[in-house]
Amino acid sequence: MEEPRECPKKMCERGGPGGTLVPFFGDAEQDWAPALRACLYFIGLLWVFAGVAIISEIFMSAIETITSHKRLVEDRKTGKRYTYKVWNDTVANLTLMALGSSAPEILL
């Protein structure tokens with residue numbers, strides 16, 4: 001009959017194998033209350049998402065500024081001036097859609 005084997009320790013337990021990033025404070029963090037640790041990690045997660053949202057907003061406003069560029073052209077025959085968009089609206093919208101859907105991955 002086999003002897004019972006000891007289960008390996010989990011990453012969140014004291015003396016367990018550490019992850020790549022967590023636990024941030026080493027084994028000392030294992031003594032903290034689980035609710036406190038969960039709350040701190042949740043606040044950190046919100047902080048990271050807020051940073052990605054701010055950078056994405058700046059990125060998208062820059063793309064909108066670029067795609068809304070207009071050019072003034074004068075007709076030599078009539079002398080009238082016309083304003084036209086440099087970017088085609090459909091191409092600009094598709095570009096914004098493609099960049100907007102993958103912007104978080106691009107920024108990270």
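Guide: Two strands pair if DSSP finds at least two bridges between them. Helices (H or I, at least four residues) and strands (E, at least two) are DSSP runs, numbered from the N terminus. This is a predicted model, in which local features need pLDDT of at least 70 and side-chain atom pairs count only at pLDDT 80 or more, while totals for chains, interfaces and linings use all residues. Residues are numbered from 1 along each chain as its sequence is written, and side-chain values use heavy atoms, with hydrogens and water left out.

Visitor: What makes β1 and β2 a pair of strands?

Guide: Strand β1 (residues 70–74) and strand β2 (residues 81–85) are joined by 5 bridges in the antiparallel sense, and the criterion asks for at least two, so they pair. Within this pairing, Lys 70 lies opposite Lys 85 of β2, and Leu 72 has Thr 83 as its bridge partner. The hairpin has 6 residues between the strands, and Gly 79 adopts a positive phi near 85° there.

Visitor: How do you know what order the elements follow along the sequence?

Guide: The chain contains 2 helices and 2 strands, and reading along the sequence gives the pattern α-β-β-α.

Visitor: What span does helix α1 reach, and what span is expected?

Guide: Helix α1 covers residues 34–67, which is 34 residues, and reaches 49 Å from its first C-alpha to its last. The expected span is 1.5 Å times one less than the number of residues. For α1 that expectation is 50 Å, and the span is close to it.

Visitor: Why is Ile 63 called buried?

Guide: Buried means under 20% relative accessible area, exposed over 50%, and partly exposed in between (1.4 Å probe, protein chains only). Ile 63, in helix α1, has 13% relative accessibility and therefore counts as buried. Contact means heavy atoms within 4.5 Å. Ile 63 touches Leu 96 and Leu 99, not counting residues up to four places away in sequence. Ile 63 and Leu 96 are 33 residues apart in sequence, yet 7.2 Å apart in space, C-alpha to C-alpha. Other buried residues of α1 include Val 52 and Met 60. Of the 108 residues of the chain, 12% count as buried.

Visitor: Why is His 69 called partly exposed?

Guide: The relative accessible area of His 69 is 42%, so this residue is partly exposed. His 69 is in the loop between α1 and β1. Not counting residues up to four places away in sequence, His 69 touches Lys 85 and Val 86.

Visitor: Why does Trp 32 count as partly exposed, and what makes the nonpolar patch a patch?

Guide: Trp 32 lies in the segment before α1 and has 30% relative accessibility, so it counts as partly exposed. Like charges are joined within 9 Å, and nonpolar side chains (Val, Leu, Ile, Met, Phe, Trp, Tyr) within 5 Å. Phe 24, Phe 25, Trp 32, Leu 36, Leu 40 and Ile 43 form such a nonpolar patch on the surface, with about 600 Å² of accessible area together. Accessible areas come from the Shrake-Rupley method with a 1.4 Å probe, and for residues only the protein chains shown count as cover.

Key
Patches are made of residues with over 30% relative accessible area and no salt bridge: like charges are joined within 9 Å, nonpolar side chains (Val, Leu, Ile, Met, Phe, Trp, Tyr) within 5 Å. A salt bridge is a side-chain nitrogen of Lys or Arg within 4 Å of a carboxyl oxygen of Asp or Glu.
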